Amino acid sequence: MKCEAVNGAQQVFGIAIFLRAGGAVPVSMPWGAGILDALKGRTLDGVMVNVDGGAQLNLESTAPHIVLSNKLWLGHLYLLVMNKRTWDRLARRDRDAIQRAAHTAYAVPGAEMDRSLVSQRAELEQRGATVRIPDANKLERWTTTSAYRKFQDKWVKR
């Protein structure tokens, strides 16, 4: 993949950095029809996006070859992200409240979102997309190639 649409939030989470490490050349684009036009015009080679966002733009009509995994990126849950220095400055009651909320979020909507992945895949295939689910070896290869954990750890320590 030569190009990757990256929005501001993804840059905050370091996605652009590990995409570069994986061989992509990330570009920043506003979310909208321009992404679909760039795919059609072949000025954009791919998009890393959560499933509902891709469906919102009907990306599979132009980019019908999809790699789908709930292990590539936690885009299906909204993340509260802060570095360690900020976390350490929070009052204990605030850290506890955030941890309780995270536990609930992963236990309730996270499980439902995982179940909905099956129906989202079926819908993409009905629309004519070819959907691949990478096996554990391919996911591990991406983890190693992109070194995303290293970038996440570095960001957390800031």
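Is serine 69 buried or exposed? Serine 69 counts as buried, because its relative accessibility is 14%, below the 20% cut-off. The model is a predicted one. Its chain has 158 residues, of which 29% are buried, and its secondary structure comprises 9 helices and 4 strands.

**Overall fold**

- Read from the N terminus, the order of elements is β-α-α-β-α-α-β-α-α-α-β-α-α.
- Of the contacts in the chain with a separation of 6 or more, 62% are between residues 24 or more positions apart.

**The loop between S3 and H5**

- Strand S3 covers residues 65-67 and helix H5 covers residues 84-89; serine 69 is in the loop between them.
- Leaving aside residues up to four places away in sequence, serine 69 touches Pro134 and Leu139.
- Leucine 80 also lies in the loop between S3 and H5.
- Leucine 80 counts as exposed because its relative accessibility is 60%, which is over the 50% cut-off.
- The C-alpha atom of leucine 80 is separated by 8.6 Å from that of isoleucine 98, a residue 18 positions away along the chain.

**Helix H3**

- Helix H3 spans residues 33-40, and its buried residues are Ile35, Leu36, Ala38 and Leu39.
- These residues lie on the same side of H3, because the arc they cover around the axis is only 160°.
- Ala33 and Lys40 are exposed on the other side of H3.
- Arginine 42, which follows H3, has a positive phi, near 60°.

**Nonpolar cores**

- Nonpolar side chains tend to be buried together in soluble globular proteins.
- In this chain, the largest nonpolar core consists of 8 residues: Met29, Ile35, Leu36, Ala38, Leu39, Leu44, Leu57 and Leu59.
- The buried residues of H3, namely Ile35, Leu36, Ala38 and Leu39, are members of this core.
- Leucine 57, another member of the core, touches Trp31, Gly32, Ala33, Ile35 and Leu36, with residues up to four places away in sequence not counted.
- There is also a second, separate core of 7 residues, among them Ile66, Leu68, Leu124 and Ala129.

Methods: Residues are numbered from 1 along each chain as its sequence is written. This is a predicted model: local features need pLDDT of at least 70, side-chain atom pairs count only at pLDDT 80 or more; totals for chains, interfaces and linings use all residues. Side-chain values use heavy atoms; hydrogens and water are left out. Helices (H or I, at least four residues) and strands (E, at least two) are DSSP runs, numbered from the N terminus. Buried means under 20% relative accessible area, exposed over 50%, partly exposed in between (1.4 Å probe, protein chains only). Contact means heavy atoms within 4.5 Å. The arc is that of the directions from the helix axis to the C-beta atoms. A nonpolar core is a set of buried Ala, Val, Leu, Ile, Met, Phe, Trp, Tyr and Cys residues joined through side-chain atoms within 4.5 Å.
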